[in-house]
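Subject: A structure for you to look at

Hello,

Here is the structure I promised to pass on. Please open it beside this email and follow along as you read.

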Amino acid sequence: MKKYLLKLSSAMLLALALVLAGCSHDDDLEGPELVDLFGEFEILQPLTVSRTTVDFSAGETVEFRALLSIRTPWEMRIEGLTSGALKVFESNEKDISGDIANWNGSITFAPSFQMGEQAVATIRFTNYPDSLVSDTITITGARPVPTGGVLISDFEDPNQAFNVFSEAQFEESINGIASTLPAAFGSNYHYMKGTDNNGSVFVCGLGVSAQSATGEVHYPFTTSNENRVYFNAFIYGEGAQFTNMVIDFQEDDNLDGTYVPAEEGTYNYTIKVDWVGWKLVSFPLSETQLSTNGGLGNIDANGRKEVDRIINIQFILLSEGGQNAEPVGYGIDYAVFTEGQPFQP
Amino acid sequence: MIRYSFLFVTLVLSWTLAGELWAQEEKKVTFGGAGRFWMENNSIDGDALEGDTTTATREMGGYALFDLGITIRPGKNAEIVAITRFNSELDGFWGAGITTDIRQLTARGLIKEKVRYKVGDLNTAFTPYTMYNFRPELRVNEASIFRNFEEIINYENFYQDSTWRQQGAEFDFALAFPKGIKELSFRGLIAKNRQTDFFFRPDRIFGAAQVGINQGTYGRVDLTYVNLFELAPSAMFSDATSMNQVMSARYDMGMDKENSYLGIVGEAGLSGVMYENQAATETIEDLEDSFLEVGLRGKLKKSGLMGTLSFVDVGPEFRSAAAQTRRLDVTAPSGAFTRIGNEERVRPMSMGDIITDRNVYSRTFGPLLGNFLPYLENVQPFGAATPNRRGITLNVQYDGDSAGIFGAFVNTALLSEIRGQGTTELRDFTKVWGGVTARLHRIYGGKQKLIFTAGASYQSTARDGVEGVDAVDLSTTFVESGLEYEVFSGMDLLGGVKFLSSEGNEFLNQRDAFDATTFYNQYSVDLTETFFAGGFRYNFNETVFLTLQGHFSTIEDNLTQRNSFDLNRVLIVYNMFF
């Protein structure tokens, strides 16, 4: 019995050593602090600006600063008091400062901010009625429009060839160059509008080939990295809740200079156009997905996305849910590819 | 100098696990398999369908399947098993909807009667912290009427007790020693866990090795190493990889006396998760942590009483993919009335789905902690290896009196978090569960079986509030019971009920692709759920039965009325394993 107890004691000592060895863990908090997410909302520091006069043409920027007690969704809109130009910042950080609130004079909604005009920033919160308003900022120099990129179309060249198409002519009321609204850039833009009468969702579309845009068979990029190539365009929304836009990037997978929908891949990106005005939309091509339409680009002959083989771009107008209660439509202006970063006019 | 000598242990071809389709006869070719016919007529009603003009409230479905297994023995020490499945949906007349699949291909054998090997489809488990497929929720001490469905679900998803199905190769051999230790056993496994997409997602491999040291008199220690890793060269356009390693020592040592046993059981070890060449811009942190389970086990053999008191400490960053993956996939769509309402929303999973639907369970394991429903399980949602838990567990089991009339067990877990989630306050967890089985016919000497079963569990989670953030207070009570009466030889009258009530609130972790918590979602629950089942079962023999049952399931969600519904079913199942 004594021998048995001795062995058992040894085992217990071994277990105790294991307990002591095993109980040491990193005791930092896991994840974000709950009080930062669900605590009481307070504005700890009001909205301030780093300067009240700014020359964007000289590369100056304006930093906005405010401090909240918790992380909560907010939107800061900087509005040009003369032009109506609009820059929007969105975040849910409680420390509003640095890159998330640093303005270089660029826009989110056209037109551009003008030299000599004044701008004011307003922050509103998704979950709280409070708002913050900044001091007035005087713009002494406007941001120059960035150059470069691969222009798909600014819809100003009357000789550029487009391919417009629709499922049924009676669904489409407009599908062409227009100039009745103030354009985002220049004076012309393309507009599509219609009503889905047969419940098929699709209304009409516009195709712009690489040949038409650049004179080359494929859109020319200096990189084949899909993370570095951005599509950018101004999209005009009417605030219609059922308007969906699909942008198709059709690949000439076998490099024969033509696109065969049943054999070659189409990668697309869907946007719900629920705003009013000309909004700048940008995304890297890495965010596009292989088409799910049977026989319409859902089979990629090479099995992968190849941005250097894009031969044609299509802008599709869809009526969400196939409803016909109200017409749907959007405008497109200044569609351009950029490399390395999104277009920031 | 001490010289040790050892002998290879002579092995036999008996790697059989419960339910595996290895025929026992030593014929050259033998057949085994399974067959099933399943037909159900479902109806749905309740608040969830209020104003619903699109959902048909009645539907009929089912299938017939036949698994034909052929075991071929080309020699004395080799076997090949191939199982082909023929499946026909109930409405798949004249060939439509009929599919044929290879369900299993396995070869196994002995090399020189010393090394056992097995290649192809493998059903494998190691230890509860390294590779283990733990039992899902809502099964404490099930009645016979529910156990049949668990057997079908386990068969369909390749679960054999606690195994996961993988494809690869496995071997084992053992050495016997004349003194000191009795036996030294070795076991190795290499398996493919995931197929590459050839472009961005690499192959994932699972490897495992185990050395078992069996002292003989005082017990054994098993040293286990497992590694779930990715092969970067198998994806052309990405060299991003991850790796999850776990090392453990499992021990079961004690003194075995004629009338009693007293010993120490448990497992201790380390884990690490390493990421390389990830494209994500945010900082990705490797995870390293340890775990420990050490318990004192006692057994009084004459009385059939056994108990284990354990201390458990599983680190917050302990990760073990093959031990933490959940069987129940709470994101899987339910089979009957998958979508309801004019907006065609996904119907919430009900108790009836969990108990009977073979398609809401995972077939393999993966590296991330899965989703779970806190009202079903919040104390150890990832099994014994649930990370961030420390405390005491007590298991007591009564195997039964000499007449075999009663059996019972009760388990308790009193745990708390080790690391706070978003706050320095720690959650406290309490869970008590137990069950009783009574073979009542043995009391009065009846010839027809009359078996009563009951089980219950209670679990609670609590955490103090802090600076305007709500406290956590969540509790769930679950009760189940059933009766099995043999009306005449082979014919059973079956009945069973499961009841669950849950109320309270929680914060659910929202994790990114690297398992880091990025946000918390507030979660509230106030519901009751009842599942009644009754019917008859005719047992042609121990492995073949025909049953006719009625199921009546009710969910009353007091927070979201549109999630309240009644789901009823009449079911005919003919099932055979041969």
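First, a term you will need: pLDDT is the predictor's confidence in each residue, from 0 to 100. It matters here because this is a predicted model. For chain B, the mean pLDDT is 90, and 94% of the residues reach 70 or more. Residues 15–24 of chain B are another matter, with pLDDT below 50. That stretch still has 23 contacts in the model beyond near neighbours in sequence. Where pLDDT is low, though, the predicted coordinates should not be read in detail.

For the complex, the predictor gives an ipTM of 0.78 and a pTM of 0.79.

Now to where the chains meet. In the model, 33 residues of chain B are in contact with 24 residues of chain A. On the chain A side, α1 (2–22) and α2 (34–38) each give two or more residues. The largest share, 7 residues, comes from α1(A). Sorted by class, this side of chain A has 13 nonpolar, 5 polar and 6 charged residues.

Which residues have the most contacts inside the largest nonpolar core? They are A:Phe64, A:Ile235 and A:Leu317, in a core of 85 residues. Domain 1 (35–141) and domain 2 (150–339) of chain A each supply at least three residues to this core.

Happy exploring!

Definitions and conventions
Residues numbered from 1 in each chain as written. Chains lettered and ligands numbered in written order. Predicted model: local features only at pLDDT ≥ 70, side-chain atom pairs only at ≥ 80, totals over all residues. Contact = placed C-beta atoms within 7 Å. Helix = DSSP H or I, 4+ residues; strand = E, 2+ residues; numbered from the N terminus. Nonpolar A, V, L, I, M, F, W, Y, C, P; charged D, E, K, R; others polar. Core = buried A, V, L, I, M, F, W, Y, C linked by C-beta atoms within 7 Å. Buried ≥ 20, exposed ≤ 12 C-beta atoms within 10 Å, placed from the backbone. Domains from an automatic or database assignment.
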